Amino acid sequence: MDEPFRRYSTWLVSRYGERTYRVAVDAGFTCPVREIGLPCAYCEQGGSRAAYLGDHRSLEDQIRRGIEFLSERYDARSFLLYFQAYSNTHAPADELRAVYDEALGRGAFRGLIVATRPDCIDRERAALLGEYGSRGLDVWVELGLQSADDETLRRISRGHTRARFDEAVQTLHEYGVNVTAHLILGLPGEGLDAAIASAQHVSRLPVGGVKFHNLVVVEGTALYERYRAGEFEPPGPERYRELLVAAVEHLREDIVVMRLTCDPPRGVRHAPERLPDKATVYRQLAHDLHERGTRQGIY
Ligand code: SF4
């Protein structure tokens with residue numbers, strides 16, 4: 001049956017002719033808003049790291065272990081290098097070049113993926129990333145927007161505006177770099193209309209991919225305190241299902257849907273207690289779109 005949304009795993013096979021896997025590395029970058037003691041209100045201590053990284057090891061070691069892990073578990077043979085933790089353009093361009101070159105030299109990678117913040121992108125960094133594209137690699141930058149509403153961005157202490165995100169996207173696009181936008185559905189004060197507005201906003205930009213996240217409020221974050229004070233209720237699996245369907249129906253049809261859920265770190269208290277299960281969310285989204293007679297981008 002024809003898939004009603006543009007699924008990343010399918011897109012990867014059509015792009016590379018085989019299943020292709022991301023090797024996530026932590027190059028030890030930090031994040032400008034954490035450095036000044038004002039992290040995003042939902043950010044847990046570890047930033048976002050692949051579970052197998054554990055502690056911080058050398059790039060060579062991380063890449064070797066990552067490739068071994070993926071090869072043993074999934075019989076993987078095709079890889080993309082993924083700078084995942086914190087803000088991976090938060091350094092001068094010559095330092096970034098040294099780090100990217102070092103890591104790319106440790107494996108036969110078909111692409112480079114760099115996660116960062118909009119305020120860590122300028123022309124110099126965009127030009128550097130564009131150079132890797134000229135060398136034949138697919139280059140993607142993952143940029144957090146989270147919400148297209150400036151009031152929400154202020155409420156969750158993102159430390160940048162929607163306009164700053166838009167500017168970063170345009171700059172990267174000028175240098176031939178693909179962009180994946182991150183959106184969190186169900187942020188405090190946001191419902192169906194906001195989910196739709198965020199999907200519509202990224203659809204108007206030269207964005208090639210979107211990662212959707214369910215809001216997980218983790219103990220130890222500023223947002224957890226507000227949740228405990230009864231200020232808001234994060235969406236449970238049923239509500240998230242509704243938000244996601246609405247957002248996907250309003251997402252431009254050529255945008256690749258790269259993620260639908262996120263998980264909290266193991267052993268940490270979080271809200272809601274019951275979280276959407278990844279495989280179930282994929283199945284339900286396809287089912288709901290079929291049932292409604294809709295598909296990605298229909299609106
Ligand atoms: S930009 Fe990312 S790493 Fe930095 S505080 Fe926000 S969520 Fe955490």
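The questions below go from the sheet to the helices.

Modeller: This is a predicted model, where local features need pLDDT of at least 70, side-chain atom pairs count only at pLDDT 80 or more, and totals for chains, interfaces and linings use all residues. Residues are numbered from 1 along each chain as its sequence is written.

Colleague: In what order do the 7 strands of the open sheet lie?

Modeller: Strands are DSSP runs of E, at least two residues, and helices are runs of H or I, at least four, numbered from the N terminus. Two strands pair if DSSP finds at least two bridges between them. Here the pairing is parallel, and the order is 1-2-3-4-5-6-8.

Colleague: Which are the edge strands?

Modeller: An edge strand pairs on one side only. Those here are strand 1 (21–25) and strand 8 (256–259).

Colleague: Which residue in strand 8 is the bridge partner of Gly209?

Modeller: Strand 6 (residues 209–214) runs parallel to strand 8, joined by 3 bridges. Gly209 has as its partner Val256.

Colleague: At what angle do helix 8 and helix 10 pack?

Modeller: Axes are lines fitted to C-alpha atoms, for helices over the stretch in contact, and angles run from 0 to 180 degrees between N-to-C directions. Contact means C-beta atoms, placed from the backbone, within 7 Å. Helix 8 (residues 192–203) and helix 10 (residues 237–249) have axes 8 Å apart, at an angle of about 35°.

Colleague: Which residues of helix 10 make that contact?

Modeller: Helix 8 brings Leu192, Ala195, Ile196, Ser198 and Ala199. Helix 10 answers with Glu242, Leu243, Ala246 and Ala247.

Conventions:
Two residues are in contact if their C-beta atoms, placed from the backbone, lie within 7 Å.
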